[in-house]
Amino acid sequence: MISKKVCYIGLLLLVVTVMWCEGEQNYGVSKEYNLCKPDNPEYQPPTVYMANPGDTTEIFVNMSYTNKTLSTSCQILLKTCQSCRFQLEMANEFFDYPLCSNYYSNNSPTECANNCIYLSVYDNYYLAVNKMVTASKDLINFMTDSSQLGIFGCFYKQMSDSGVIYMRLKVTVKEKVQVITIESSNPLPKRSFTSPNFSSPYVANSEIYTYIIKSSIITDCIAVMFDDWILSPKSQIQIQGANHEKLTGEMDRPYLISDGPSMNITFTTGNVVAGGYYSFTGFKAAAIAYKDRNNIIDTKTDCDKLVINSQGGALSLGDYADGSYRDCIWVIKKMPEFSGINLNILQYKRVGFLNSQNYIEIRNGLTSDKDNVPIAPSSSVKTYISTVGFYIRLQGYYTDDSALLLSYAMYTDDCSDLKNFFRCNSGRCIDFSLKCDGVDHCGDNSDESAFICNHISGTGSTSGGSGSSYSIGIGVIIPMVVSVFLVIVMCLLIIFIRRCRRLNNNTFGAQNGGLAHQQNRARRRRHHNHVQMSLTVSSGEHPPSYDEVIQNTPIGYLNMVNSVTLIWIISKHKAHLLTYFYSFN
């Protein structure tokens, strides 16, 4: 008898212990919380942790006012597990207040608009996921992307009399699981799914997201192609029931094929890495169901490129034009210090085994959900401008590595620094290193013109060979002519200076040569009118030297002698002109 009582007491204690443990595991979640009178005011904002899927509570406002002016705000933050999110629903209480037209002009859901009464519900990690609640019906199908929910109450209004403000909403914890149902048909349907907050960057907060892709037809096979793939190196993807088991953000963009009619994909955002908290836009994928696995094209995606820190360059297929079916995605992001990007399609040829499946797609933005820039595959060279970046996708069979050639260049509208930038004919300025590199980066070929580069450009220059020769001749001949002219002037100047010095020396000697010199001088004066100079020289004789002329010729006739001698040399002895010219020095 005693043993039975002991058993009953032990069983009762066990039940009580289990109930107590369950209560502790639930972290004491209350049935309701007053938004403006929190139970834990020491936390700012007051925080409630709801650990498990299925946990539920209600947040309410019950505010009485007697003044005609309301001016207050209240806030609460709710958190849950990393693989969970919050769903908001209508509670049993009905409320309806006027719509606040000023709400959407605010930059943050935690900033109150004037003359309004409302609740602002928002995802604490992704503030863009928010909603203004003025009536109970506004809460239909609101769900956060992350594990944190913020609720902010704004009560700023001029009231006509006293009254009560009463609002109530229901909060439930849900698992972050998205079920995607798809079945094979013709034409093939596609069902898309994305990482959180796509196409804006996701937060590296180690949260977990699960995607279940399935078909109700047991013989179907599912293929998942990723249209976007910019992941953090710390992010991971676990796959069940497909040709891959584990992927990381550092790996190439995958092409998943299921083993049967379903596959499970689990995405973990990972921790913060160098490069910033918001640096990775995540992924966007499309699921297709096939009746026959053999109908799935073997696709290679190893040709993807992400350009984030390049001022300019060129993109081509290169070694990837090997005849395989390629799905290449190239993303070019504008650098912050530039105004925009030039993208030039220099060459595109639809060549390969199945030309009908070859195409190129260009979007103005960094992801596949941005507005598409239309392009015809057979179009000639075209230039596109973006202030954000470009998403380029090339698909098909290619066997010619010259089938595609694109060029891109960051540009600035401020062309004041021409030492580091080159001004295109369009007025935009690109980095100076891109000039004359053999690739048209301006889009009008002005950076590769023959006049600038001193060669005939091989990328579509319209300048001919004569134009190039002219630019080279002018650039070389003019400096040569100027140099020769300066040399001649210097030589003549030196000759003139030396001649003047010699004349001065002879004059000085004549004035100070003594009495004999004076008598000779008088004799020369007496016979001034009888001085004759015999300049008759036979054809075999050489002209007198300069020293002989100076010694035997009066100073007054020196200039005449030099002139006559020079005339005689020019007329009779042209062959000795050069010799005499140097003997004159």
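1. Cys36 is partly exposed, at 27% relative accessibility. Here buried means under 20% relative accessible area, exposed means over 50%, and partly exposed lies in between (1.4 Å probe, protein chains only). Cys36 forms a disulfide with Cys74, with the sulfur atoms 1.9 Å apart. A disulfide is a pair of cysteine sulfur atoms within 2.5 Å. Cys74 is buried, at 9%. The link is right-handed, with 100° about the S-S bond. Cys36 sits in the loop between strand S1 (32-34) and strand S2 (47-49), while Cys74 is in strand S4, 38 residues apart. Helices (H or I, at least four residues) and strands (E, at least two) are DSSP runs, numbered from the N terminus.

2. Please keep the source in mind. This is a predicted model, in which local features need pLDDT of at least 70 and side-chain atom pairs count only at pLDDT 80 or more, while totals for chains, interfaces and linings use all residues. Residues are numbered from 1 along each chain as its sequence is written, and side-chain values use heavy atoms, leaving out hydrogens and water.

3. How confident is the prediction? pLDDT is the predictor's confidence in each residue, from 0 to 100. The mean for the protein is 78, and 70% of its residues reach 70 or more. Over residues 555-570 the pLDDT is below 50, and this stretch has 25 contacts in the model beyond near neighbours in sequence. Contact means heavy atoms within 4.5 Å. Where pLDDT is low, the predicted coordinates should not be read in detail.

4. Now back to the disulfides. The whole structure holds eight. One of them joins Cys112 to Cys154, S to S 2.0 Å. The torsion about this S-S bond is about -80°, so the disulfide is left-handed. Cys112 is in the loop between S5 and S6, and Cys154 is in strand S9, 42 residues apart. Cys112 is partly exposed at 23%, whereas Cys154 is buried at 0%.

5. Cys303 and Cys328 form another disulfide, with sulfur atoms 1.9 Å apart. This link is left-handed too, at -95° about the S-S bond. Cys303 is buried at 1% relative accessibility. Cys328 is also buried, at 1%.

6. Strand S9 (residues 148-158) deserves a look. Is S9 mostly covered or mostly open? Mostly covered: eight of its eleven residues are buried. S9 pairs with strand S4 (residues 69-79) in the antiparallel sense, over eleven bridges. Two strands pair if DSSP finds at least two bridges between them. Thr69 has Gln158 of S9 as its bridge partner. Strand S6 (residues 116-123) also runs antiparallel to S9, joined by eight bridges. There, Asp123 is the bridge partner of Leu149 in S9.

7. Which residues have the most contacts inside the largest nonpolar core? They are Ile165, Phe193, Ile213 and Val224, in a core of 67 residues. A nonpolar core is a set of buried Ala, Val, Leu, Ile, Met, Phe, Trp, Tyr and Cys residues joined through side-chain atoms within 4.5 Å. Beyond four places in sequence, Val224 touches residues including Pro254, Leu256 and Met263. A second, separate core of 29 residues includes Ile332 and Tyr408.

8. Finally, check the backbone. A cis peptide bond joins Phe198 and Ser199, with omega about 15°. Ser199 lies in the loop between strand S12 (191-194) and strand S13 (208-214). Ser206 is found in the loop between S12 and S13, and its phi is positive, near 65°.
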